[in-house]
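Subject: Structure for your review

Dear colleague,

Please find below the structure that I am handing over to you. A short account of the findings follows it.

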Amino acid sequence: MATATVERLRAIPLEVGSRHWMVENVDEGSNYSVDAVKGECSCPDWQFRCRHRREDCKHLLEVRTVIERQRHYREKKPTVTARAIEEATGVKTLPVIPELSQDELKAIFA
Ligand SMILES: [Zn+2]
């Protein structure tokens, strides 16, 4: 009986802005680098097959999925700031919001 193989891939962003990624195949112990902007991967499948067909390899697909998930999360994230809470409730809140960018933080503390 044939069993379906599910490969576990882990996409790790190598910088802020998430252009360059390292995608690890947890089961094989292999690592490939992905350029999300150019749509390129260092794996043999992409080098020898996908690039000529203009297709994504599984590593590129994994990175695209992760980026899409992050974007979805960011859009769904409530835009309530510490100041808005304070104005609405009169309660001084502690602005411990680690997910915010420098620009967002500046806007809050301006
Ligand atoms: Zn690949």
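In strand S2, Glu24 is the bridge partner of Arg10. Please keep in mind that this is a predicted model. The pairing of S1 with S2 is antiparallel and comprises 5 bridges. These two strands form a hairpin with 6 residues between them, and Gly17 in its turn has a positive phi of about 105°.

Glu24 also has a partner in S3, namely Asn31. S2 and S3 are joined by 6 bridges in the antiparallel sense. They too form a hairpin, with 4 residues between the strands; in the turn, Gly29 has a positive phi of about 75°.

S3 in turn runs antiparallel to S4, to which 2 bridges join it. There, Asp35 has Glu40 in S4 as its bridge partner.

Taken together, the 4 strands make an open sheet in the order S1-S2-S3-S4, with antiparallel pairing. S1 and S4 (40–41) are the edge strands, each pairing on one side only. Helix H2 packs on this sheet and touches S1, S2, S3 and S4, and its direction makes about 60° with that of S1.

Finally, the core. The largest nonpolar core has 13 residues, and those touching the most other members are Val23, Val34, Cys41, Trp46, Cys57, Leu60 and Val63. Two or more residues each come from S1 (9–13), S2 (20–25), S3 (30–35), helix H1 (44–53) and helix H2 (58–76). Leaving aside residues up to four places away in sequence, Trp46 touches Glu40, Cys41, Arg51, Cys57 and Leu60. In soluble globular proteins, nonpolar side chains tend to be buried together.

Yours sincerely

Conventions: Residues numbered from 1 in each chain as written. Predicted model: local features only at pLDDT ≥ 70, side-chain atom pairs only at ≥ 80, totals over all residues. Core = buried A, V, L, I, M, F, W, Y, C linked by C-beta atoms within 7 Å. Buried ≥ 20, exposed ≤ 12 C-beta atoms within 10 Å, placed from the backbone. Contact = placed C-beta atoms within 7 Å. Pairing = 2+ DSSP bridges. Axes fitted to C-alpha atoms, helices over the stretch in contact; angles between N-to-C directions.
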